[in-house]
Each structure stands twice: as structure tokens, then as C-alpha cells.
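Reader: I should like to examine how the terms applied to this structure follow from their definitions. Please set each value against its cut-off.

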Number of protein chains: 2
Amino acid sequence: MPTVEFFYDFTSPYSYLASTRVEEMVRRAGGEVRFRPFLLGGVLKATGNRSPIETPAKGRHMLKDLERWARRLGVPFIFPRTFPVPSILALRCALSADKHGKLVPFTHAVFRACWADGQDISSPDALAHIARAVGLEGAALVSAAPGEKESLVRSTSEAVERGAFGAPAFFLGQEMWIGNDRLDFVEEAVRAARGA
Amino acid sequence: MPTVEFFYDFTSPYSYLASTRVEEMVRRAGGEVRFRPFLLGGVLKATGNRSPIETPAKGRHMLKDLERWARRLGVPFIFPRTFPVPSILALRCALSADKHGKLVPFTHAVFRACWADGQDISSPDALAHIARAVGLEGAALVSAAPGEKESLVRSTSEAVERGAFGAPAFFLGQEMWIGNDRLDFVEEAVRAARGA
């Protein structure tokens with residue numbers, strides 16, 4: 001079955017938008033999704049790319065664009081008070097949750113907490129609470145997070161080596177797409193791979 | 001009738017892609033398109049934005065992305081040997097062509113020459129040839145082009161003042177969208193404005 005790797009960072013609003021629909025789109029095309037947390041800040045640094053918000057006119061347009069996408073997809077959307085979101089602890093928790101088979105539900109819960117509910121996902125307490133809500137031992141998960149430091153560095157480096165320069169990044173074998181707005185191309189490619 | 005202003009520069013491949021479909025999309029939604037040549041280099045300078053090709057990984061992905069879009073839209077696509085394309089003379093010629101009621105056919109002919117046929121559109125001879133093909137006096141048009149210098153500066157400044165940071169830029173009144181990949185949102189907005 002064609003497998004789409006979905007690289008995301010919780011600080012990336014377009015990753016949140018993609019997270020609300022990537023599984024459905026890939027599944028209906030006959031594929032499956034592998035969730036891959038990575039650190040967008042590391043990707044930008046390694047590639048020399050910049051966040052859209054570093055260009056003021058681009059940042060203003062991004063806010064409008066995000067609202068338009070959220071309306072189209074019918075998903076709640078709140079821009080967090082602190083942006084970029086300090087997401088490193090949440091990402092390490094996600095990798096830790098993966099060891100308990102809970103990466104996907106934990107990921108969705110963190111995205112929702114940040115981008116739908118306006119919670120501060122840099123807080124260990126908030127992350128422990130989210131973890132408990134998906135059936136994990138919250139405090140234990142947060143305590144184990146520092147042990148995932150190297151794993152997060154590795155997934156970030158891997159994405160950069162494979163060509164990523166932003167988030168979300170999607171891979172189907174050697175093929176790469178960047179951006180929530182390229183998910184329809186990803187779906188087409190899964191369909192083509194399925195037929196091939 | 002809702003009027004979409006389409007700001008474009010011949011050096012912008014995503015403007016070329018948009019030019020192949022913006023009229024059909026806006027027309028079927030019940031609106032009309034006003035063609036607005038502007039200088040992307042001036043927009044980038046004024047806003048502090050950068051061309052995607054300044055980030056190597058982004059530039060490589062852009063080439064793939066353009067090929068994917070051209071395939072989807074069923075339009076020919078050749079990446080020019082010189083990029084960014086020195087487009088200032090062609091843009092001034094377009095503004096001059098506008099005075100003879102030929103802005104739209106001249107624009108399409110220049111986009112095709114550059115992005116479908118691989119011609120050098122910085123050449124006065126090539127531009128004169130293109131102008132003749134759409135019923136203009138070629139040499140006269142090119143000679144008149146320097147007189148459009150201020151007009152091109154003004155349209156560029158206007159786009160920047162209204163929030164543009166890249167190309168293509170679309171406006172429907174106060175609303176702005178940037179990118180060929182937002183044309184479906186533009187179409188929706190025209191439909192909504194038409195119904196309102």
C-alpha cells in the first residue's frame with residue numbers, strides 16, 4: 001500500500017490544516033499515512049529558508065489565507081498568542097507517544113489544543129493533560145520527552161536531506177510536496193501509485 | 001460585474017500558469033478580469049520578500065511544482081535559460097499595447113513566447129515580432145515602451161500599497177490573494193460577490 005510520510009511541526013498552522021484531512025484524503029486514494037514529527041525551526045535554519053512572518057506583508061496575508069482555508073475545510077482555527085509556538089517539548093512528547101502506539105491520537109490532540117482551543121502547548125502540564133486524554137500516562141510521557149531529543153534531530157535532518165524546506169512536507173517514496181495546498185497532488189500521486 | 005484585477009509579471013512562472021485560466025475561471029463565476037502588469041522585482045524589494053530561487057531547496061521544489069501544475073492544467077511549459085527573466089521592456093510594451101486596446105492578447109502572446117516556446121522576451125526584436133502577431137505596429141510599440149516607465153512604477157507601487165508581496169496577485173475590491181494556487185478561492189469570491 002502506498003505510504004505517505006507526513007512531516008509536521010505543531011508550530012505550523014498549515015500542518016494543522018493538513019492534519020485535519022491528510023488521513024481521509026490518502027485513505028480514499030488507497031494509501032496510508034505515516035506521521036513524522038520534525039522541527040520546522042531546524043529545517044528553516046538548515047535550508048536558509050525563512051518563516052512567512054519575517055516578511056510583514058506575507059505574514060498579514062498568511063493570516064487571511066489561514067482563515068479562508070479553515071472556513072473552506074470547516075475546521076476551528078484560532079491564532080495562538082505566542083507565535084512561533086515553542087513546540088519542541090510537544091514534538092518530543094509525540095515521539096515518546098509513538099513508543100506507546102499513540103502518536104496519531106496524541107498528534108491530533110496537540111494540534112487541536114493549539115490551533116482550535118488556543119491552549120499553550122509549550123506547558124508540560126498542558127501536554128500531560130493532553131496525553132492523559134488519549135490514554136497515556138501524562139507525567140511519565142513528559143518526563144520521558146528529553147530522551148527523544150536525538151530522534152527529533154534525526155527526523156529533521158532526514159527531511160532536509162530528502163529536500164524539505166518547510167512544513168508540512170509530504171513524501172511518497174522519492175516524490176515530495178510542501179504545503180497543505182498541495183494535498184490534492186499527493187492524493188493524485190497515491191492514486192497513480194495504487195494503479196501502477 | 002465583479003472585476004478581478006490580475007497583477008502579473010512575465011518573469012513569474014506562476015503568473016504564466018494563472019494567465020492560462022484566470023479569464024475562464026472568473027468569467028464562469030460571473031466576473032471579469034482586468035490585466036495589470038507590474039514589476040515583481042519592485043514588489044520584492046519594497047516588501048523585503050525574496051524569490052523562491054534564493055533558497056536552493058525551495059527553488060528545486062518550485063521546478064517540480066511548476067511541472068506538476070503545467071501537467072494538471074494541460075499547458076506547455078519550458079523553463080527559460082535566463083531566470084529571473086529580464087521582463088521590464090516586455091512589461092512596458094504591455095502598458096503601451098494597452099493604449100491600443102491590445103493588452104490582453106499581447107500579454108498572452110508574451111507569456112506563451114517565454115514559457116511555452118522558450119523565446120528570449122528581453123529582446124526588442126522578439127517583442128516587436130510578438131506585437132505584430134497580435135496586430136500592433138511592432139517597432140513603434142517597442143519605441144514607445146520607455147514612455148511607460150512611470151506607469152509601470154505606479155502599478156507596482158499601487159499593488160504594494162494594497163498588500164501584494166509576490167506574483168500573481170489578485171484583487172477583488174479590498175480582498176487580495178497571492179498565487180496561481182489561490183485562483184479557486186478567487187473564483188469562489190467572485191461567485192459570492194455576484195450573488196450578494
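Reader: Why is A:Lys99 called exposed?

Author: A:Lys99 has a relative accessible area of 65%. Exposed means over 50% relative accessible area, buried means under 20%, and partly exposed lies in between (1.4 Å probe, protein chains only). A:Lys99 is therefore exposed. The model is a predicted one, in which local features need pLDDT of at least 70 and side-chain atom pairs count only at pLDDT 80 or more, while totals for chains, interfaces and linings use all residues. Residues are numbered from 1 along each chain as its sequence is written, chains are lettered from A and ligands numbered from 1 in the order in which they are written, and side-chain values use heavy atoms, with hydrogens and water left out.

Reader: What makes A:Lys99 and A:Glu148 a salt bridge?

Author: The closest N and O atoms of A:Lys99 and A:Glu148 are 2.6 Å apart. A salt bridge requires a side-chain nitrogen of Lys or Arg within 4 Å of a carboxyl oxygen of Asp or Glu, and the pair is accordingly counted as one. A:Lys99 lies in the loop between helix 5 (88-98) and helix 6 (103-115) of chain A, and A:Glu148 in the loop between helix 8 (138-144) and helix 9 (149-161) of chain A, 49 residues apart. Helices (H or I, at least four residues) and strands (E, at least two) are DSSP runs, numbered from the N terminus.

Reader: Is A:Glu148 buried or exposed?

Author: A:Glu148 has a relative accessible area of 5%, so it is buried.

Reader: How do you know that the salt bridge of B:Arg72 and A:Asp184 joins two chains?

Author: The closest N and O atoms of B:Arg72 and A:Asp184 are 2.9 Å apart. B:Arg72 lies in helix 4 of chain B and A:Asp184 in helix 10 of chain A, so the pair joins two chains. B:Arg72, at 30% relative accessibility, is partly exposed, and A:Asp184, at 32%, is likewise classed as partly exposed.

Reader: How many salt bridges are there between chain B and chain A?

Author: Twelve salt bridges are counted between chain B and chain A; over all chains, the structure holds 32. One between the two chains is that of B:Glu175 with A:Lys64, at 3.2 Å between the closest N and O atoms. A network of salt bridges links A:Asp65, A:Asp181, A:Arg182, B:Asp65, B:Asp181 and B:Arg182. Within it, the side chains of B:Asp181 and B:Arg182 meet at 3.3 Å, N to O, and both residues are buried.

Reader: How do you know that the length of helix 10 of chain A agrees with expectation?

Author: The expected span of a helix is 1.5 Å times one less than its number of residues. For the 13 residues of helix 10 (residues 183-195) of chain A this gives 18 Å, and the end C-alpha atoms are 18 Å apart, so the two agree. The buried residues of this helix are A:Leu183, A:Phe185, A:Val186, A:Glu187, A:Ala189 and A:Val190.

Reader: Why is B:Thr11 counted as buried?

Author: B:Thr11 has 9% relative accessibility and therefore counts as buried. B:Thr11 lies in the loop between strand 1 (3-8) and helix 1 (13-19) of chain B. Leaving aside neighbours within four places in sequence, its contacts (heavy atoms within 4.5 Å) are B:Leu40, B:Phe83, B:Pro84, B:Val85, B:Ser87 and B:Trp115. The side chain of B:Thr11 also reaches the backbone nitrogen of B:Val85 at 2.8 Å.

Notes. Polar contact = N/O pair within 3.5 Å; in protein donor to acceptor, adjacent residues only side chain to side chain.
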